[in-house]
2 protein chains.
Amino acid sequence: MRLSTLFLRTLREDPADAELPGHKLLVRAGYIRRAAPGIYSWLPLGLKVLRKVEAIVREEMDAIGGQELSFPALLPREPYEATNRWTEYGPLIFRLQDRKGNDMLLGPTHEEMFTLAVKDMFSSYKELPLTLYQIQTKYRDEARPRAGLLRGREFVMKDSYSFDVTDEGLEQAYARHREAYVRMFDRLGFDYVVVHADSGAMGGSASEEFLAVSPVGEDTFVRCAESGYAANVEAVVVPQAPPVDEATVAATPAAHVEDTPDSPTIATLVDQGNALHPRADGRPWTAADTLKNVVVLLTHPDGRTEPLAIGLPGDREVDAKRLDAQVAPATWRPFEEADFAAYPMLAKGYIGPGVLGEERSSGIRYLLDPSVAEGSAWVTGADEDGRHVFDLVLGRDFTADGTIQAAEIREGDPSPDGAGPLTLARGIEMGHIFQLGRKYAEALDLKVLDENGKLVTVTMGSYGVGVSRAVAAVAEATHDDLGLVWPRELAPADVHVVATGKDQAVFEHAEGLVAELCDQGLEVVFDDRPKVSPGVKFKDAELLGVPTIVVVGKGLADGVVEVKDRRSGARREVRVETCVAEVLAEVRGATPTPG
Amino acid sequence: MRLSTLFLRTLREDPADAELPGHKLLVRAGYIRRAAPGIYSWLPLGLKVLRKVEAIVREEMDAIGGQELSFPALLPREPYEATNRWTEYGPLIFRLQDRKGNDMLLGPTHEEMFTLAVKDMFSSYKELPLTLYQIQTKYRDEARPRAGLLRGREFVMKDSYSFDVTDEGLEQAYARHREAYVRMFDRLGFDYVVVHADSGAMGGSASEEFLAVSPVGEDTFVRCAESGYAANVEAVVVPQAPPVDEATVAATPAAHVEDTPDSPTIATLVDQGNALHPRADGRPWTAADTLKNVVVLLTHPDGRTEPLAIGLPGDREVDAKRLDAQVAPATWRPFEEADFAAYPMLAKGYIGPGVLGEERSSGIRYLLDPSVAEGSAWVTGADEDGRHVFDLVLGRDFTADGTIQAAEIREGDPSPDGAGPLTLARGIEMGHIFQLGRKYAEALDLKVLDENGKLVTVTMGSYGVGVSRAVAAVAEATHDDLGLVWPRELAPADVHVVATGKDQAVFEHAEGLVAELCDQGLEVVFDDRPKVSPGVKFKDAELLGVPTIVVVGKGLADGVVEVKDRRSGARREVRVETCVAEVLAEVRGATPTPG
């Protein structure tokens, strides 16, 4: 690739619509260009990187026996209707009609198509296990496309599915994918963590995410250094607090309602409580002793709405994403004035368990945070304006309809596995492996004959990798102030040769060097632009981020060229006679290293 | 690829929705599967063939300096609005709205995006010439998706564009593409012909199509063995017939209207004419002496309609596709009763030049076939029911508004270049190269500074190859009664090894052979299915169409295996010691041959 002819224009200014440094650099270095919100064109250098990510993903999928195929992106409605996702996906799906008025969609993910293909072609347990995958363009009409390729509306994904007759088979397929993903992400060359990704309803290892650790990530995850536990914050399962011992419960005074005027917040409530209604044992009331009851309105995919009350300690907030995960596929929003008007028994700011619960006056389902222990005493709303109830004991004085994992997780919280404190960090979801089970097979009637000639429903795993997203994640993880810094396996070229000055001999020597490097099978970017200053050429080389830069310039008169490592910035002079050998050693000797 | 685990199920029955033999075989052999009308899934073997076509196209594009990039398939409306194609494409475009109500489309072709990308990035003549290409999924909502991959609604295309400042530059880019296409289509291994593809308004070589010669093709083309002239039938320009000499015109009787009751067809008219109104010079009237006037209704992209009358000799029909090409982007349909009602001066079955023409009573534009010579005498409608006019001479007795190339071309017609007779054949459009000129650059304001610092509009070429269509075209061209017969460059594997019988030693030897062949870098399909009969295995091998088949079976006891050539059917016994070497020689010695 010669810069004199390459379809490339590097920019000195950051693009107006980019926020993240990696995104800015991908645009400035001419790797991608925005075509519409969340929709990007891949320019020559960007396409090369994308293809290298694809190749790594393909190799690792082939290595575990994955068979590649390719489904259409434009799909008929019917299969998605059968699994109810036509409805569940809501506005996230791009929908259209063909000229005959048939409903169609742009595939956001292809569980249905894979399931139907296997149903169409296989019929016996002997043909399983089976792993199929595709590397394909997908579409999601994101409400907030973000950060260039990180959350696009048209994007490239690898999705694979495993098909087994037995649960053990599914577990093995899952384990094989997990290993393949570890190899894949090691090769992609960024720091990543594997976290639990669901609430464990299907078992601890049923769903894991591979997150690129990054301060710009949209996902928050927790880690416990002591035990190695790691989970997406949505997936953290806070253990149920053990019951308070009977003696303590017996010593708790009877519940008593008190005037607490003008105390609609936790802070004012705690102040009033300590001032006017001190605890029997003399300990001060704290926010952690108050029980906050938050009411939200759920909207189900079919449009049906339903209120939900969540009781949690007053020193915690409801975590929007954790609640999202709990109520999906429904969505939620906070209760609004009109909602309160429909439930006059709710005293806003003073809502308590007295009216909450399916069997009480509001009829609103009431779920408690698992940290609220049986036998524990609380200060909470008395369902009258300006009044709270004190020493209200769970089990003795009130009950709820169940528990919910919706309270925020905080740095320093204990690990759910009982080990030491959790730390929080942010990550970009790069991969997701998931024991799907029989949900889609049942919806689409995928059965095979087992050893006894009996029809059994197939069990499936679902495994995704964000391929175009990986390009962005690597750019975010590896860039520096000067530009992009590609890991060797993903770089658009192995070497970037810069010819400087006006001396014809320099350009001729550089030409020869480039030819030799290409003969050795290396991919070379050659900055042969005749009238561009060395300063601009060096800046562009740093911006483009090819790992090894060779500068042919004035030193040639002394028989040397400069070889520079883009990442470390280390530079050294090399004799022209040994240059090819040294560059080769550098390129081929390199082993992929994380980060 | 082991058939014991490959995601493949061969079918003995033809699929119900397939008409063409190649399409049937692609489905029966498990290469593709229909997902919706005109929309196909690529199964593992099919995807391998598709990727090989892509690789050939990519190599030849790279060889002429093409730079690969990739535009989105989901595109905003605005660029297509600027070139008026949002309207012109009509129902051929898949249209949709995103969640914010923005109009979007699935790209049917990408002239706009390429033009805007160059406008965005380049600004000087020094940066040109430039050739960009992509291999990408495109969408067209065809009214009649046909023949599997031959005319799909989602399909893979290579489209490239050249950008030049001068017309000479464009001609050179066009010539380079033409050479690349010749190499590409030679390698794809089917019989093809390069034909003129437009009416020559932009010069003889401005547009050519590469057609795969095939009786199942949708395109009809003509060839002249004598001169080598070849053209799509839509593109044939029939030369204007020279004027009739003055003496002949002078000797033609004055036009005379005659009663010709019940003669609404050419045949009845000729019979009546010869019986009741013989020609002055005694020669019989023939259909070729009659002038048929056909009226159609044009619909323009903006919805406006307009009638058009076409005058042509009575022994020719209007060719629907030639007329399509002439009136595009408008469409047409025959005049219907309601249309006639709006033009009472048209006597259906007896329409003549007396009322046709922009300056006559109907006001309908009237265009003549170029074979109608100035001074020639005709029998034609007299615009009264049951009456015709005889000896009506063009120029003396009537005029028209111009000529139109819409009459059918027939086997044996003279070649437009003056050489011998034309022959007709059918073909599948596989490639199209086209000197686009400045149309899109003007619409989208793509200008660069020339040597004198003056802004000049760039001139473009547009070049397409049907990549997924090529898979179908090759299947149609190369199959035989037994199954698919892939050319070596496109085959999903180099060798198909069949192990037959129940002898463990046979399977073990076959395993070893497959391993050796793979070590040599060959791609192997291995039929290792333990309980499948030799007959079924042989049939499947023939159906799948891998070029070389090696059968390991009973002969192994005598130290031989059988090597079979799929295309010729030739089989020979080979010593096991030399088997790998012989197979390698066969695979590597093979040079691509057309057909």
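1. Let me start at one end of a sheet: in chain B, strand S28 (residues 560–565) and S29(B) pair in the antiparallel sense over five bridges. Two strands count as paired if DSSP finds at least two bridges between them. Within this pairing, Lys564(B) faces Arg571(B) of S29(B). Helices here are DSSP runs of H or I with at least four residues, strands are runs of E with at least two, and both are numbered from the N terminus.

2. A word on conventions: this is a predicted model, in which local features need pLDDT of at least 70 and side-chain atom pairs count only at pLDDT 80 or more, while totals for chains, interfaces and linings use all residues. Residues are numbered from 1 along each chain as its sequence is written, chains are lettered from A and ligands numbered from 1 in the order in which they are written, and side-chain values use heavy atoms, with hydrogens and water left out.

3. Back to that sheet. It is open, with five strands in the order S26-S25-S27-S28-S29 (chain B) and mixed pairing. Strand S26 (524–527) and strand S29 (571–575) of chain B are its edge strands, each pairing on one side only. From one strand to the next, the twist averages 25°. Angles run from 0 to 180 degrees between N-to-C directions, and axes are lines fitted to C-alpha atoms, for helices over the stretch in contact.

4. Two helices go with this sheet. Helix H14 (residues 534–544) of chain B packs on it and touches strand S25 (495–499), S26, strand S27 (548–552) and S28 of chain B, its direction making about 170° with that of S25(B). Contact means heavy atoms within 4.5 Å. Helix H15 (residues 579–589) of chain B lies across S25, S27, S28 and S29 of chain B and runs at about 135° to S29(B).

5. Chain B also has an open sheet of three strands, ordered S4-S6-S5 with antiparallel pairing. Strand S4 (74–76) and strand S5 (94–97) of chain B are at the edges with a single partner strand each, so one side of each has no neighbour in the sheet. Neighbouring strands are turned by 35° against each other on average, direction ignored. S4(B) pairs with strand S6 (residues 103–106) of chain B over three bridges, in the antiparallel sense, and Met104(B) in S6(B) is the bridge partner of Pro76(B).

6. For the helix packing in chain A, the axes of helix H1 (residues 21–28) and helix H12 (residues 467–478) come within 8 Å and cross at roughly 110°. That is why H1(A) is described as roughly perpendicular to H12(A), a label given to angles of 65 to 115 degrees. H1(A) contributes Pro21(A), Gly22(A), His23(A) and Leu26(A), while H12(A) contributes Val471(A), Ala472(A), Ala475(A) and Glu476(A).

7. How are the two copies related? Chain B can be laid on chain A with an RMSD of 0.2 Å by a turn of 179° and a shift of 0.1 Å along the axis, and the copies are therefore related as by a two-fold rotation axis. The superposition is by least squares on the C-alpha atoms of residues with pLDDT of at least 70 in both. In chain B, the C-alpha nearest the axis belongs to Leu96(B), 2.7 Å from it.

8. Some backbone details to check. The peptide bond from Leu128(A) to Pro129(A) is cis, with omega about 0°; Pro129(A) is in the loop between helix H5 (111–121) and strand S7 (130–139) of chain A. A cis peptide bond also joins Leu128(B) and Pro129(B), with omega near 0°. Asn84(B), a residue other than glycine, has a positive phi near 75°.

Definitions and conventions. Parallel < 35°, antiparallel > 145°, perpendicular 65-115°, else oblique.
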